[in-house]
Amino acid sequence: MIHLAVPNLTGQEKNYLESCIDTTFVSSVGEFVNHMEELVAFATGSQYAVATSAGTTGLHVALMAVGVKPGEIVIIPTFTFIATANAVSHCGAIPWLIDINEDDWCINVNLVHTEIQKHCKIDGGKLIHINSNRRVAAIMPVYTLGNIPDMEIMRSVADEYDLPLVADAACAIGATYKGKSFGALADLSVLSFNGNKTITCGGGGMVVGNDEKLLKLVRHLTTTARLGSEYDFDMVGFNYRMTNLQAAVGCAQMERLDEFVERKRQIRRYYESAIEDMKDVISFPTTEGSSCWFSGIVLPPGRGIEDVRKFVVGLKEENIEARTFWKPIHLQKPYRDVLRGNVSAAESIWNRIVTLPCSTNITDTELEKVKGTLKEISEKILGEY
């Protein structure tokens, strides 16, 4: 089977894990946790980094750190993995779902501004959503596939309304924005190191940024809000710590970051060229500096999820793993009644996406097999290509 996205564990992972066992540092304290934070801070152009147990827990504490409270509103794109919305809910807050751009699948930053102007007012120095009478507490853009939206406009909107920016950068490790790492673009940015990410710890996440006070608060919250070596606590905190075992794997992975990201970009370019003669089929969008986390194809307009599933089944019959992609948040049962505007772009795209194998250790021969099989299936399902 040519799998969709599996970890490439051919570096120092085993040696570093053995070091954890030999030294007995297997929990949340150890040299690898500290080093992982240093490596990720440097890679993202950030001054500070705090390791977490998952990307979702990182998003949760990041939102809490910037002041999101129960009953308030956080602006997010509707086209994202559900963890983005869940992190808002874990704060007791409510997502406000905004549509995406068709050319990068990221939140439509101009639409964010339009929706705020249309539906909000300033009252007592706070941005209030008029119909619900709730405070808008933050904006959380998502760096979809490692594509980064226009963060200069996003920052100007956030500054205009005094809103903190928390970036869901779960899959964006290695991405750049206008030639620079993304760590300074938002107040806090959160990465994931889940098993299918370009860099994995098996699990885990990281909150990065340049505001020392914010990052100290994040660290405090993730370590049960403990004040010292004795059992004194000053807040309701969380046990959201990454283990030294996870970080050991992550450190070995980070040593190969440039290699892995370049391979992801090569895979994206390969699929782009592979479908050039497939009528009306397009590749995943790629912005300048994208880390190209996942790759695949988008079926022509008028096609739908059943056609995608036919591709998935057809590829599986040839021992090639492919999958559907994110179902928008507004179509998910827990979030069908939350705030949202027109989300037509997301609705037109999500059910035409086929994700294709893009592991960093996929071989050129395997890519050739995917290409040939894809064209055969495309001809059967879509007609002449």
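This briefing walks through the overall build, the surface patches and a few individual residues of the structure above. The model is a predicted one. Its chain holds 12 helices and 15 strands, and buried residues account for 56% of the 385 residues.

**Overall build**

- The C-alpha trace covers about 65 × 60 × 35 Å when taken along its principal axes.

**Surface patches**

- On the negative side, Glu317, Glu318, Glu376 and Glu379 together form a surface patch.
- One of these residues, Glu376, sits in helix α12, which runs over residues 364-382.
- There is also a nonpolar surface patch of about 240 Å², built from Ile21, Val26 and Leu245.
- Ile21 has a relative accessibility of 57%, so it counts as exposed, the cut-off being over 50%.

**A buried methionine**

- If you follow helix α8 (residues 244-254), you will find Met254 in it.
- Is Met254 buried or exposed? Met254 is buried, because its relative accessible area is 8% and the limit for buried is under 20%.
- Met254 and Trp96 are 158 residues apart along the chain, and their C-alpha atoms are separated by 35 Å.

**Residues with a positive phi**

- As background for this group, most residues other than glycine have a negative phi.
- Asn133 is not a glycine, yet its phi is positive, at about 60°.
- You can find Asn133 in the loop that links β5 (126-129) and β6 (134-139).
- With a relative accessible area of 59%, Asn133 is exposed.
- Thr224 is likewise not a glycine and has a positive phi of about 60°.
- Where does Thr224 lie? Thr224 is in the loop between α7 (212-222) and α8.
- Thr224 counts as partly exposed, because its relative accessibility of 28% falls between the 20% and 50% cut-offs.

Notes. Residues numbered from 1 in each chain as written. Predicted model: local features only at pLDDT ≥ 70, side-chain atom pairs only at ≥ 80, totals over all residues. Heavy atoms only, no water. Patch = residues over 30% accessible without salt bridge, like charges linked within 9 Å, V, L, I, M, F, W, Y side chains within 5 Å. Areas by Shrake-Rupley, 256 points an atom, 1.4 Å probe, with all protein chains shown as cover. Salt bridge = Lys/Arg side-chain N within 4 Å of Asp/Glu carboxyl O. Lys, Arg positive; Asp, Glu negative; His and termini not counted. Charge placed at Lys NZ, Arg CZ, Asp CG, Glu CD. Helix = DSSP H or I, 4+ residues; strand = E, 2+ residues; numbered from the N terminus. Buried < 20%, exposed > 50% of the residue type's maximum accessible area, 1.4 Å probe, protein only.
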